[in-house]
Amino acid sequence: MKSSLQGARRGSSLAANLGLSERVFASAADRAMARAIDDGLDRVEAGLVDEVRFTAPVADASTRYLLEAGGKRVRPMLTLLAAQLGEGVTDEVVIAAEAIEITHLASLYHDDVMDESDRRRGVPSAHAVWGNSIAILTGDLLFARASQLMARLGERAIRMQADTFERLVLGQLHETVGPQPGDDPVAHYIQVLADKTGSLIAAAAQSGVIFSNADPALEAPLVEFGEKIGVAFQLIDDVIDLSPRPAETGKVPGTDLRAGVVTLPLLRLRELAKHDADAASLLVRIERDVLPVPADAVGDPLDTNTQAARIVPSKETVDAIVAELREHEATRVTLAEAHRWADEAVAALAPLPEGSVKKALTRFAETIVERSS
């Protein structure tokens, strides 16, 4: 019962956060749609609790771990919202929404191992609790369970799940190896975001159209919307990472930078540093005082740059450098780029009929970029 009540509260809160509430929507049709999505989210939440259960105690504990830690359930919400273009929240739509969210959960277990993240959703990451092997195997189990769910929906669903999984893995692989000689680092980074985030959000929206038997002509616009809003979402995260309000973000300002994670503000700063002395100075200080020393450089006692990097700067110094990047043109450019991707996502919705769904998707895109303000 406790999990069910938590799910209901999460659904109502999510709908309100995305503008799917009576406060925003004036018409009876809009309010009815919001209630349908909230009710659908409660069904999905209950289904998720059942679907991540395993008879083996270790598997059961680890697979439930991140689900019970919370989450906004953005992807299931988009599936249920897109389904309003067809027959609404059918049983097939609920199954697809569960599979999409379980796929997302599985990717978090793997991502945290790859990124060596210590925390996720306010709790220690799974690999910090059980170790890398258990965390990776837990992700594999969840990917398998998501595939089982999609298999109930037929060959089309299986192909979509396989294609999405392939893109998730390729995105992580390309992020891991980095851009190759001759590659544009920014284009490489955007493609990683599209694969790791955009592909699954696109699949969430696409599932809503397919499994509600909506007009097939609406499928391509929603796939494009999902791809673009996924990129916008991650670019806004790059900006939020530099936020001076850790109480709101739940992270120390510059967490990604301090962990050596390359984000768009840093990439844009590297571009500006080629012809701007102030940008070049900031880049030197970031690489010397904020980014971690590469593992293959630590053992070289003759490398003076490495020796300088070994001098641990004060917290105040690092905080000041992060604050400088936050106010720099490189971050303003990143924010503008996030808005551009969100605008393009909204433009992709042009073929949709005017009404509650289009209004809600537009509001969702606006909400994504408003997170940085």
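Student: Buried means under 20% relative accessible area, exposed over 50% and partly exposed in between, with a 1.4 Å probe and protein chains only. Which residues of α2 are buried?

Tutor: Please note first that this is a predicted model, in which local features need pLDDT of at least 70, side-chain atom pairs count only at pLDDT 80 or more, and totals for chains, interfaces and linings use all residues. Residues are numbered from 1 along each chain as its sequence is written, and side-chain values use heavy atoms, leaving out hydrogens and water. In α2, the buried residues are Asp-30, Met-33, Ala-34, Ile-37, Asp-38, Gly-40, Leu-41, Val-44, Glu-45, Gly-47, Leu-48 and Glu-51.

Student: How many residues has α2, and what span does it reach?

Tutor: Helix α2 covers residues 28–51, which is 24 residues, and reaches 34 Å from its first C-alpha to its last. That is close to the 34 Å expected at 1.5 Å a residue, where the expected span is 1.5 Å times one less than the number of residues.

Student: How many helices and strands are there altogether?

Tutor: The protein has 18 helices and 2 strands. Both are DSSP runs numbered from the N terminus: helices are H or I with at least four residues, and strands are E with at least two.

Student: And what share of the protein is buried?

Tutor: Of its 373 residues, 49% are buried. The accessible surface comes to about 17,300 Å², and carbon and sulfur atoms hold 55% of that. Such areas come from the Shrake-Rupley method with a 1.4 Å probe; for residues, only the protein chains shown count as cover.

Student: Why is α4 described as largely enclosed?

Tutor: Helix α4 (residues 74–83) is largely enclosed by the rest of the structure because 10 of its 10 residues are buried. Among them are Arg-75, Pro-76, Leu-78 and Thr-79.

Student: What does Leu-78 touch?

Tutor: Setting aside residues up to four places away in sequence, Leu-78 touches Ile-201, Ala-204, Ala-205, Phe-225, Leu-361 and Phe-364. Contact here means heavy atoms within 4.5 Å. Leu-78 is also among the residues with the most contacts inside the largest nonpolar core, together with Leu-222, Phe-225, Ile-229, Leu-235 and Leu-361. That core has 80 residues. Apart from it lies another core, of 16 residues, which includes Leu-266, Leu-269, Leu-282 and Ile-286. A nonpolar core is a set of buried Ala, Val, Leu, Ile, Met, Phe, Trp, Tyr and Cys residues joined through side-chain atoms within 4.5 Å.

Student: Turning to α9, is Ile-190 buried or exposed?

Tutor: Ile-190, found in helix α9, is buried because its relative accessible area is 11%. Beyond its neighbours within four places in sequence, Ile-190 is in contact with Val-231, Leu-235, Glu-337 and Trp-341. Ile-190 and Leu-264 are 74 residues apart in sequence, with 8.7 Å between their C-alpha atoms.

Student: Finally, which residues make the nonpolar surface patch?

Tutor: Leu-170, Leu-173 and Val-177 make a nonpolar patch of about 240 Å². Leu-173 lies in helix α8 (residues 155–177) and is partly exposed at 45%. Patches are made of residues with over 30% relative accessible area and no salt bridge, with like charges joined within 9 Å and nonpolar side chains (Val, Leu, Ile, Met, Phe, Trp, Tyr) within 5 Å. A salt bridge is a side-chain nitrogen of Lys or Arg within 4 Å of a carboxyl oxygen of Asp or Glu.
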